[in-house]
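Dear colleague,

Please find below the sequence and structure that I am handing over to you. My notes on the structure come after it.

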Amino acid sequence: MSWSERLKELGVELPGVAAPLAAYVPAVQSGKHVYTSGQLPFVEGVLAATGKVGAEISPEEAKGHARTAALNALAAVHALVGIDNVTRIVKVVGFVASAEGFTGQPAVVNGASELLGEVFGDAGVHARSAVGVAELPIGSPVEVELIVEVQ
């Protein structure tokens, strides 16, 4: 089964590629790897939420936003090389805008990791960093970037 067929089976539709907020492109390919720029949880061009996790945003909400950001990263990969050319997810980096004292970043970034596992199975098992930060662009609670190996 192809990855695009797997997405359909899961009832998951890749969104359009989010427009860059500054001077960069959504994804670049170097050799057999695609590197995405950090993706925010945009839904139809609108940031899904603003605020810090552990204050205005609950960890459960943030986990959903990490999933959305990962979908946006996959959309950038798809637009560049086609989702069916992915051979494995190599690394996920998740940034979480964290309220003081919030230390649940790994559980938040699981929203991205679990999605990738659902879609890619064993090829979705990846290395990962989950980093707490003071602020993210335009007040986003999460940002996700991917490194993906392709054919």
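The following paragraphs set out what was found in this predicted model.

According to an unreviewed UniProt entry, residues 6-149 are annotated as "domain: Endoribonuclease L-PSP/chorismate mutase-like". Over this range the chain is 31% helix and 27% strand, with 18 Å between the end C-alpha atoms.

Helix α3 comprises the 16 residues 105-120. At 1.5 Å a residue it should span 22 Å, and its end C-alpha atoms lie 23 Å apart, which agrees.

Leu-21 belongs to the loop between α1 (3-10) and β1 (27-30). Its relative accessible area is 45%, so Leu-21 is classed as partly exposed. Ile-138 sits in the loop between β6 (127-133) and β7 (142-150). With a relative accessibility of 51%, against a cut-off of over 50%, Ile-138 counts as exposed.

Ile-138 has a positive phi of about 45°, although it is not a glycine. Glu-44, likewise a residue other than glycine, has a positive phi near 50°. Glu-44 is located in the loop between β3 (42-43) and β4 (46-47), and at 82% relative accessibility it counts as exposed.

Yours sincerely

Methods. Residues numbered from 1 in each chain as written. Predicted model: local features only at pLDDT ≥ 70, side-chain atom pairs only at ≥ 80, totals over all residues. Heavy atoms only, no water. UniProt positions renumbered as here; feature names shortened; annotations may be inferred. Helix = DSSP H or I, 4+ residues; strand = E, 2+ residues; numbered from the N terminus. Buried < 20%, exposed > 50% of the residue type's maximum accessible area, 1.4 Å probe, protein only. Expected span 1.5 Å × (residues − 1).
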